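Let me put the sequence and the model up on the screen, and then I'll talk you through it.

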Amino acid sequence: MDVYAYITDFYQRTKTDKQIIGKTLFGRSMYALKCGEGRPVGIAQYAMHGREYITAKLAIEHFKRGVARGSVWLVPLVNPDGALLSEIGSSTAPETQREYLLSVNGKTDFSLWKANGRGVDLNVNFAARWGRGAKNVFHPSSENYVGEKPFSEPETRALKVFTETIRPDYTISFHTKGEEIYWRFFQPKFEQERDRALAEVISQATGYPLKEAQGSVGGYKDWCVETLKIPAFTLEVGKDEYAHPLGEDALKDIIEKNIDVLDVLSKAYQI
Ligand SMILES: [Zn+2]
């Protein structure tokens with residue numbers, strides 16, 4: 001079963017507060033499921049980068065684990081079009097798009113694809129110092145293309161509207177790989193201390209160190225920190241020694257180290 005079918009199946013048979021927050025370029029559903037009740041309210045999002053689809057399976061484990069305090073909305077698969085390009089290949093795109101995608105990718109092997117269905121990297125498409133990143137590119141690509149403007153993509157728009165509707169107390173984003181935690185994005189002093197303290201709680205739970213991003217802008221975490229002024233974290237899960245896309249052999253270790261993250265964050269957040 002491919003990752004989109006797996007998440008769709010889980011969504012359909014799980015009885016909880018849930019919703020489809022949007023549709024992708026290729027018409028696939030972006031699912032959100034809630035676990036727990038009340039505050040603090042978090043949003044956890046996974047697999048924004050195509051080749052990082054292993055994190056969608058971590059989302060399911062997080063849902064089953066639950067949180068002892070407050071609630072978390074899980075968005076297990078933000079970029080199903082990109083995930084299926086990486087997992088299976090261009091046959092998962094509409095026939096009319098395949099030639100274009102092959103020309104963008106430059107090869108028939110899509111396993112390293114990070115972008116969405118038209119070569120926009122969703123995690124540089126948010127309105128947070130957009131287009132000023134060290135690695136940004138300005139043409140469609142398997143990675144790092146910022147898009148025509150902030151929120152040019154249906155997937156980033158859907159996550160923006162959903163986030164503004166939920167008004168979470170914090171957000172957390174799961175990527176692969178490298179076993180590290182990012183939390184900083186030009187916060188003023190008070191927020192810096194608040195956010196660093198929570199990042200250290202995550203570090204305790206996972207064993208991952210805190211890292212400083214060099215020249216990285218336009219991400220979901222960045223937008224949450226700068227515009228919503230809430231703590232927001234990016235976790236790069238999975239050992240660096242694994243090759244992209246990380247597979248089932250990496251999953252056990254990822255789950256072990258990350259299973260308690262949402263629970264400890266919910267408990268540590270000061271309402
Ligand atoms: Zn990523």
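This is a predicted model: local features need pLDDT of at least 70, side-chain atom pairs count only at pLDDT 80 or more; totals for chains, interfaces and linings use all residues.

Numbering starts from 1 along each chain as its sequence is written, and side-chain values use heavy atoms, with hydrogens and water left out.

Okay, the sheet. It's an open sheet of eight strands with mixed pairing, in the order β1-β2-β4-β3-β5-β8-β6-β7. At the edges sit β1 (18–23) and β7 (210–211), each pairing on one side only. When I say strand or helix, I mean DSSP runs numbered from the N terminus: E of at least two residues for strands, H or I of at least four for helices. And two strands pair if DSSP finds at least two bridges between them.

Quick reminder: strands of a sheet pair through backbone hydrogen bonds, either parallel or antiparallel. We have examples of both here. β1 and β2 run antiparallel, joined by five bridges, and Lys-18 has Leu-33 in β2 as its bridge partner. Their hairpin has five residues between the strands, and Gly-27 there takes a positive phi near 85 degrees. β3 and β4 (residues 71–75), on the other hand, pair in the parallel sense, over five bridges. Look for Gly-42, whose bridge partner in β4 is Val-72.

While we're in β4, have a look at Ser-71, which is in that strand. Which residues does Ser-71 touch, leaving out those up to four places away in sequence? The list is Lys-34, Cys-35, Gly-36, Glu-37, Gly-38, Pro-40, Val-41, Gly-42 and Tyr-170. Contact here means heavy atoms within 4.5 Å. Ser-71 is buried, at a relative accessible area of 1%. For burial, the cut-offs are under 20% relative accessible area for buried, over 50% for exposed and partly exposed in between, with a 1.4 Å probe and protein chains only.

On to the zinc ion. It's coordinated by ND1 of His-49, two OE contacts from Glu-52 and ND1 of His-175, at 2.0 to 2.5 Å. Donors are N, O and S atoms within 2.8 Å of the metal (3.2 Å for Na, K and Ca), and since water is not among the atoms, sites may look incomplete. Along the chain the donors follow the spacing H-x2-E-x122-H. The angles among the four donor atoms are 56 to 145 degrees, and the site is irregular. His-49 is buried at 6% relative accessible area, and Glu-52 is buried at 2%.

How many disulfides are there? Zero, by the rule that a disulfide is a pair of cysteine sulfur atoms within 2.5 Å. Cys-35 is in none, and the nearest cysteine sulfur, that of Cys-224, is 18 Å away. Cys-35 is buried at 7%, and Cys-224 is buried at 0%.

Last stop, the backbone. Most residues other than glycine have a negative phi, and most peptide bonds are trans. Here the bond from Arg-39 to Pro-40 is cis, with omega near 0 degrees, and Pro-40 is in the loop between β2 (29–36) and β3 (41–46). A cis bond also joins His-244 and Pro-245, with omega about -15 degrees; Pro-245 lies in the loop between β8 and α8. As for phi, Glu-179 has a positive value of about 60 degrees, in the loop between β5 and β6 (180–182). Glu-179 is buried too, at 18% relative accessibility. Lys-229 has a positive phi near 60 degrees, and it lies in the loop between α7 (220–228) and β8.

That's my tour, so over to you.

Conventions. Four donors count as tetrahedral if all angles lie between 85 and 135 degrees; four count as square planar and six as octahedral if opposite donors are over 155 degrees apart and all others between 65 and 115; anything else is irregular.
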